Amino acid sequence: MKRWWPTLLLALFPLPAAAELEALTFITEEYPPYNYRQNERLEGISIELLERIFAETGSTMSREDVRYYPWARGYETVLSEPNTVLFSTTRTEQREQLFQWVGPIATDRVSLLARRDSGIQLNDIEA
């Protein structure tokens, strides 16, 4: 059985030239500690990584150029508009063929919890 652990990614590498980066639209959402807003400014690990990429390529772009959307809007946008980057995005089996993946920048484990008295019972990973 192949296991898929969600992996957060930033779809950029290999590093393109500054002009190529500036032709892309970057979208993120609220997902601390990777990306979030604090006092109306984008912050987080993936925001800092993206700014480093901008600097390394000589791009004039900055975190102020990143669009901040609710998850559903950002996801729909990246599926429908070319040259759009959505980050940080969890890599799953269902999304594997939808995107060009880069990373990882982090690995997450997803756990399901339920109260004992909930009546929910899972007997194996497929359930």
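Visitor: Which residue does Arg91 form a salt bridge with, and how far apart are the closest N and O atoms?
Guide: The partner is Glu96, and the closest N and O atoms are 2.6 Å apart. Keep in mind that this is a predicted model.

Visitor: Is Glu96 buried or exposed?
Guide: Glu96 is buried, because its relative accessible area is 18% and the cut-off for buried is under 20%. Arg91 counts as partly exposed, at 27%.

Visitor: Why would two such side chains pair up?
Guide: Side chains of opposite charge can pair when their charged atoms come close.

Visitor: How many salt bridges does the structure hold?
Guide: There are eight. One of them joins the side chains of Arg41 and Glu64, at 3.6 Å from N to O. That pair links distant parts of the chain, 23 residues apart: Arg41 is in strand 4, and Glu64 is in the loop between helix 2 and strand 5.

Visitor: And how exposed are Arg41 and Glu64?
Guide: Arg41 is partly exposed at 39% relative accessibility, while Glu64 counts as exposed at 58%.

Visitor: What does Arg63 form a salt bridge with?
Guide: With Glu51, and the closest N and O atoms there are 2.8 Å apart. Arg63 sits in the loop between helix 2 and strand 5 and Glu51 in helix 2, so their pairing ties together parts that are twelve residues apart in sequence. Arg63 is buried, with a relative accessible area of 6%, whereas Glu51 is partly exposed at 25%.

Visitor: Which residues are linked in a network of salt bridges?
Guide: Arg41, Glu43, Glu51, Arg63 and Glu64 are.

Visitor: Okay, new topic. How many helices and strands does the protein have?
Guide: Three helices and eight strands. Starting at the N terminus, the order is β-α-β-β-β-α-β-α-β-β-β.

Visitor: What share of the residues is buried?
Guide: Of the 127 residues in the protein, 39% are buried.

Visitor: Which residues make up the largest nonpolar core?
Guide: Twelve residues form that core, including Leu21, Phe26, Ile47, Met61, Val85 and Phe87. Helix 2, residues 45-57, gives the most to this core, with four residues. Apart from it lies another core of seven residues, among them Ile27, Tyr75, Val78 and Phe99.

Visitor: What about Ser88, where is it?
Guide: Ser88 is in the loop between strand 6 and strand 7. Ser88 counts as buried because its relative accessibility is 2%.

Visitor: Which side chains does the side chain of Ser88 make polar contacts with?
Guide: One is Asn35, at 3.0 Å. Another is Ser46, at 3.3 Å.

Visitor: Last one: where is Tyr36, and what is it in contact with?
Guide: Tyr36 is in strand 3, residues 36-38. Leaving aside neighbours within four places in sequence, Tyr36 is in contact with Glu29, Glu30, Arg41, Leu42, Glu43 and Gly44. Tyr36 is partly exposed, with a relative accessible area of 22%.

Definitions and conventions
Residues numbered from 1 in each chain as written. Predicted model: local features only at pLDDT ≥ 70, side-chain atom pairs only at ≥ 80, totals over all residues. Heavy atoms only, no water. Helix = DSSP H or I, 4+ residues; strand = E, 2+ residues; numbered from the N terminus. Buried < 20%, exposed > 50% of the residue type's maximum accessible area, 1.4 Å probe, protein only. Polar contact = N/O pair within 3.5 Å; in protein donor to acceptor, adjacent residues only side chain to side chain. Core = buried A, V, L, I, M, F, W, Y, C linked by side-chain atoms within 4.5 Å. Contact = heavy atoms within 4.5 Å. Salt bridge = Lys/Arg side-chain N within 4 Å of Asp/Glu carboxyl O.
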